[in-house]
Amino acid sequence: MSQQGKAAVDIVVPDVLKQTETAVAQAKAELNGINELQSLPVQKPIAIASIYCPPRPTVYEEDFEKAFDQIGNRFVIGGDFNAKHTYWGSRLSTSRGTELYNYVKSNNCTPLSTGKPTHWPVDVSKKPDLLDFFIMKNVSANYAVIEESFDLSSDHSPITLTLSEKIIQKPHNPALVNKKTNWDQFKVDINQFINLGTTIATPAILDSELEKLVYDIQSTALENTPEVRKKLIGLNYPREIIEIIKEKRKARKKWQNTRNPTFRSEWYRISNELKSIMNEIQEETQEEFIMSLTSHQNTDYSLWKATKHLKRPTVQAPPIKNPTNNEWFKTNQEKADIFSRHLANTFKPFPGSPDEPPLEEVPLTDTDVKIPLVTVKEVQKTINSEINPKKAPGYDLITGQILKYLPRKAIVKITQIINAAIKLRYVPQLWKLAEVIMILKPGKPPEEVSSYRPISLLPVLSKLFEKLIHKRLIKVVAERKLIPAHQFGFRHKHSTIDQVHRITYIIEQALENKKVCSAVFLDVSQAFDRVWHKGLNYKLKKLLPAQYAEIMQSYLSDRFFRIRYENACSGATRIQAGVPQGSVLGPLLYVLYTSDLPEREENTLATFADDTAILAVGETNYDTIPKLERSLKNLQNWTTKWRIKMNEMKSVHVDFTNKRIDYLPLRLNAQVIPHANEAKYLGITMDARLRWKHHIKKKKVELTAKFRKMYWLIGRKSKLSIQNKLTLYNQVLKPVWTYGAQLWGCTAPSNREIIQRFQNNVLRSIVDAYRYTRNARLHLELKVPLVDEVIRNQALAHQKRLIGHVNEEAVQLLDVDGLVRRLKRTKPHDLWKWELS
C-alpha cells in the first residue's frame, strides 16, 4: 500500500531460514530506490526487495534495468510500480507499463499479480486499477502463490506473495472425474448402491430417490478418480544445459572470490552462451508444440484447445460499483452477492397496468390425453446421441461423460425417476436449481453490474429429462399448429437466413416497383428473463392438454438460482419470472407465450424468437408510416396485457427506397423510434437501398481482427502444417463471411472482391507464398474455392432447402415468375443460375 509516497512492504521469514540485510543505493531518483532488500540463502540465494515508483517522472526500460541489476540475477521485487499493462492484469497499458513490459520480456522475468485492482482512487469518477504486483527473475512460479487482502482501509489493497521451498499446487476447478478415472470400477461400485425396488408414489419420495441417486453418482465418481496434479510451469532442460549452468556457476564463483577481470569475462561469455542456447530450446519447443497440434481425437483435439481463446477476448476481473453509493465491491463473495441481488430484481415480471382486469380462471382441457412414458432404450439413446460430454456441468458436477459411462442398472433407475415425474406431473426440486456465471457483454463498462450476461448451468439429468419431454411436447405443438407461420425461431428446419430472405424478398419488390418499404426492427427488453409466469401458465392451459399444462406449471414453479464467481457462491434465490436460461424447454415456452402476437394483413410480420420486424409497403412513406403505426398500436396493447416491455431506443426504423423522401417519425409508447439508414437483423446488416456494402465492410473489419489474433498460428512463420492452417481458416475465419452469402452475394462485384482479397491474403500467409505466385494457382493447389463459387454453392443449397420447406412463408420465396425486373440488380434466385468463369 502507499504510505507517505512510499510503498510499505513487509518481508516475513521463518526462523529456520537465515537472512542477511544489504543496503542498496538508489538506482534513480524517479524510482525512489530499492527500499528494502533481504537475501534468503535457501538452496540458492534469492534477493527479495520492495520498490516504489512515483507516478510523475518518465521511466524507461534502461532505468528499470539499472535498478534491478543492483539486486542480482535472482530476485523477487514487489511494490507499487505505477505501471499499467494488460500483461499483468491492468485495465489498460500506459507508456511506463510498456517500458516495464519490455524489460520483463527481454530479461525473461515473470510478473505475478492477482489480476485484480489494487489501487482504489478516492475520486469516484476514476476507475480502480492494478498498480501493485511482483516481478521475479530466475525464480520459478511453481514455488510462489499470490493472494489479495482487503483488511486495510488504505487506497491500496495489500497483496501477499508466499515463497516456499516446495512446489505449491495451485487450486483448480472442482470436478468429479478426470482422464485417470477408473470407469470399470465405477460401474461395479455404482451398481451396488442402486435399488430398483422402491415404488415412487409421491413427490416427496421422488425428491428423495433423485437425491440419493445424485449422491451415489458423485461419491462413486470421486472414489474412483485419483488426483491429477497440474503441469508445472517451465521446461525440462537437457543434460548439456545443466552442465553449462554448472560451468557458469563455477566461473561466477571464481570472479567473486578473486575479482579477476579474466574470470568475469569468462562468466559473461558462458552466461551469454547459456542464454542463447536456452532461447533456441524454447523456440524449438514452441515449434514442436505447434507442429503437433491436430484437430483429431487422437490428440484430444489439441488444435482447438490452442485456439479456444481466440473466440472470446480475455477480460480482466474488475470490481463492481455499487450504483447506490458508488462504493466498490472488491471480494469474490461481494461480487457474487451483488450479482445475485441484481438478477433477483431481473427475474421478476414487469408491473402490469392498473386498469388491466385480472386473468380469468381457465379450466384444464383434454384430460384424457396422456404424456407417453419413456423407455430404457429411449433414455440410453438420448444420452448417447444428444448429451454433450464436454458441456459444463451444473451445481452437482455430474457431466454428460459420467452419464455415458453409467451401467444399465443406473439407466433403469433414471428411467423410473423420469416416468414417476411424468405420472405425478411433478418436476423434482433438484432439477430446478441453476448455477449462474456472469459474462461481460462486448463493449460494455465492466464496473457496472448491468453490463454482464447471466449464463445458467443446469444439472445434466435435468437436461436429459427436458429433452425427453420436449420430444413429446413438440409433437402436440405441431399437431395443433400452435406456432404461427411468421415465427422461425427454435423450429426444426427453420433458419435465420430463411427469415432474412423473407424480409429482403419484400424489400426487393418494393424497390423494383418504385415503392417505399418502411420497416421497424423491434427490441424486447429482457425478453426471456421477464416472462410472466401467471400469464404463461394461463396460455399453456388454453393451448395444451391438461397433463402437459400441469407438468409445465410444476417446471416453472419454485425455481432457484445461485451465482458462482470464481471460488465464491451466493445463496439460492427464488426466480419469479422468465423461462429457464440454458434449458431445452425454455425457448419453446417463449415461442408459445408470444404465439398470439397481433398481426395485420396490410403489413408483414417476421419473428425469430424475440427478434421482431414489421414491414409496410406503399407508394410513399406517407402510406407506409400510418400502416406501421396501426400495427404498433396493436402491439402496444398486447405487450401491456402480457407484461412485455419494448425498448424503443434500441429499436430501429428504416425506410427502404431509392427515392428521396421526407422523414416521418414513427412512435411506440409515445416515444419516437430512432431512424437510421441501415439495420442489423439476425446478424445481417441491411442498408436502405439493399446494396450490402455496409454488411461487407463490417465483416471485413471483423475478419481482420480475428486474423491478427490467429497470425501466430496461420501466419508465414508458423510451423503448423498447411493442412492444419487451412482447417483453422475454414473453421474460424471462413464462417464469418459465408454467413448469409446466399443473400449478400447479390452485391456488386467490387464488394465481393473485398472478401476475395482477404481470402487471397490469408492463403498467401498460410503457404508463405512468393510475391509472384498467382492467387488462382493457390486456390487450385490448396483446393480452396473462390468466393463467388462459395456464394453459388450456398445459394443452390438454400434453394434445395426452400423446395422442401415445411413453412409456406418460406416456400413462397421460390415464386419468382412474373416478378418485376426494372433494376439491373442480382437477386438471390439469380445466384442459383450463376455460371462461373
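Figure 1. The chain contains 25 helices and 25 strands, taken as DSSP runs numbered from the N terminus (helices, H or I, at least four residues; strands, E, at least two). The model is predicted: local features need pLDDT of at least 70 and side-chain atom pairs count only at pLDDT 80 or more, whereas totals for chains, interfaces and linings use all residues. Residues are numbered from 1 along each chain as its sequence is written, and side-chain values use heavy atoms, with hydrogens and water left out. Of the 837 residues in the chain, 47% are buried; buried means under 20% relative accessible area, exposed over 50%, and partly exposed in between (1.4 Å probe, protein chains only). The chain exposes about 42,900 Å², of which carbon and sulfur atoms supply 50%; accessible areas come from the Shrake-Rupley method with a 1.4 Å probe, and for residues only the protein chains shown count as cover. Among contacts (heavy atoms within 4.5 Å) between residues at least 6 apart in sequence, 71% join residues at least 24 apart.

**Figure 2. The largest nonpolar core and a second, separate one.** A nonpolar core is a set of buried Ala, Val, Leu, Ile, Met, Phe, Trp, Tyr and Cys residues joined through side-chain atoms within 4.5 Å. The largest has 87 residues, of which Ile402, Ile414, Ile418, Leu464, Leu522, Met552 and Leu632 touch the most other members. Because domain 2 (181-227 + 328-484 + 533-576) and domain 4 (488-529 + 597-687) both give residues to this core, it lies between them; the domain bounds come from an automatic or database domain assignment. Apart from neighbours within four places in sequence, Met552 is in contact with Ile469, Leu473, Asn537, Leu540, Leu585 and Leu589. A second, separate core of 61 residues includes Trp692, Leu703, Trp737 and Phe758. In soluble globular proteins, nonpolar side chains tend to be buried together.

Figure 3. Helix α14 spans residues 533-543, and its buried residues are His533, Gly535, Leu536, Asn537, Tyr538, Lys539 and Leu540. These residues pack against α15 (546-556), β18 (573-575), α16 (586-593) and α17 (621-641). Leu482 is found in the loop between α12 (460-480) and α13 (496-512) and is buried, with a relative accessible area of 13%. The C-alpha atoms of Leu482 and Leu543 are 7.4 Å apart, with 61 residues of separation in sequence. Not counting residues up to four places away in sequence, Leu482 touches Val477, Leu543, Leu544, Leu592 and Ser595.

Figure 4. The structure holds 22 aromatic pairs. Rings of Phe, Tyr and Trp (its six-membered ring) pair if their centres lie within 6.5 Å; planes under 30 degrees apart count as stacked, over 60 as edge-to-face and the rest as tilted. The rings of Trp267 and Tyr268 have centres 5.4 Å apart and planes at 40°, so this pair is tilted. Trp267 is buried at 17% relative accessible area, whereas Tyr268 is partly exposed at 46%. Elsewhere, ring pairs link Phe64, Phe68, Phe75 and Tyr103 into a cluster. A charge sits over a ring if NZ of Lys or CZ of Arg is within 6 Å of the ring centre and within 35 degrees of the ring normal. The charged end of Arg530 sits over the ring of Phe350, 4.4 Å from its centre, and that of Arg559 over the ring of Tyr555, 4.7 Å from its centre.

**Figure 5. Two loop residues with positive phi.** Most residues other than glycine have a negative phi. Asn108, although not a glycine, has a positive phi of about 55°. Asn108 lies in the loop between α2 (95-106) and β7 (109-112) and is partly exposed at 43% relative accessibility. Arg425, likewise not a glycine, has a positive phi of about 50°. Arg425 lies in the loop between α11 (408-424) and β13 (433-440), where its relative accessibility of 28% counts as partly exposed.

Figure 6. Arg564 lies in strand β16 (residues 559-565) and is partly exposed, at 29% relative accessibility. The C-alpha atoms of Arg564 and Asn332 are separated by 9.1 Å, although the two residues are 232 apart along the chain. Not counting residues up to four places away in sequence, Arg564 touches Glu435, Val436, Ile437, Leu457 and Cys569.
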